[in-house]
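Thank you for making time this morning. Before I say anything, please take a moment to look at the sequence and the structure on the screen.

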Amino acid sequence: MSKETKLRGNIANWLNDHSHGVYTVNQEAVKKKEKRTDIRLTSSYKDIESVIELKLDDKKYRWSGSELRKALRHQLMENYLSHERCQSGCLLICLRERRRWKNPDSGTLMNLNETVNWLQGIADDIVQESPNLLVEVIGLDLSD
């Protein structure tokens, strides 16, 4: 079992334990074009869903700024949030070791908070075209 799979399971279990019956949690659920979301939350009261795309950054896989931007734009927003029932989503970046990312536009180095803010700005720009969506980028520092 990969570290990302374990982390995804832990997050899904925590969400399930704290759902209070408001939503159900599903891991690796098939969505549009057979793409699989990491975690899907389905409302118990309305016909809506939310998705979480998890990116674990560690020694085995280091996500570049370009790859994170692509995951946000294409994987989360174009694939998962294009489904009519999905109205919100989250790109969750979990950092296992301190590091910096290179901004593919400016070339400047960014820490986790700066990377999250940069990606959130991209998400906010896209959401302006689809105001019914809510998208959050969250960084979780698990390094120390």
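Predicted model: local features only at pLDDT ≥ 70, side-chain atom pairs only at ≥ 80, totals over all residues.

I would like to begin with helix α3, whose buried residues pack against α2 (65-80), β4, β5 (101-102), β6 (109-110) and β7 (134-141). Here buried means under 20% relative accessible area, exposed means over 50%, and partly exposed is in between, with a 1.4 Å probe and protein chains only; contact means heavy atoms within 4.5 Å. Helices (H or I, at least four residues) and strands (E, at least two) are DSSP runs, numbered from the N terminus.

Residues are numbered from 1 along each chain as its sequence is written, and side-chain values use heavy atoms, with hydrogens and water left out.

Coming back to α3, the buried residues in question are L112, T115, V116, W118, L119, Q120, I122, A123 and V127. As for length, the 16 residues of α3 (residues 112-127) should span 22 Å at 1.5 Å a residue, and the end C-alpha atoms are 22 Å apart, which agrees; the expected span is 1.5 Å times one less than the number of residues.

Which residues does W118 touch, if we leave out those up to four places away in sequence? They are G65, R69, N103, P104, D105 and M110. W118, which is in helix α3, is buried, with a relative accessible area of 14%, and its C-alpha atom is separated by 8.5 Å from that of N103, 15 residues apart along the chain.

Let me turn now to helix α1, residues 3-17, whose 15 residues should span 21 Å, in agreement with end C-alpha atoms that are 21 Å apart. The buried residues of α1 are L7, R8, G9, I11, A12 and L15, and they pack against β1 (23-27), β2 (39-43), β3 (49-57) and β4 (86-95).

In strand β2 we find T42, which is buried with a relative accessible area of 15%. The C-alpha atoms of T42 and T24 are separated by 5.2 Å, although these two are 18 residues apart along the chain. Not counting residues up to four places away in sequence, T42 touches V22, Y23, T24, I48, E49 and R85.

For background, most residues other than glycine have a negative phi.

Finally, the chain as a whole has three helices and seven strands, which follow the pattern α-β-β-β-α-β-β-β-α-β along the sequence. Its radius of gyration is 15 Å, close to the 15 Å that the globule rule gives for 144 residues, so the chain is as compact as a globular protein of that length; the radius is taken over C-alpha atoms, and the rule is 2.2 Å times the number of residues to the power 0.38. Of the 144 residues, 44% count as buried, and along its principal axes the C-alpha trace spans about 45 × 35 × 25 Å.
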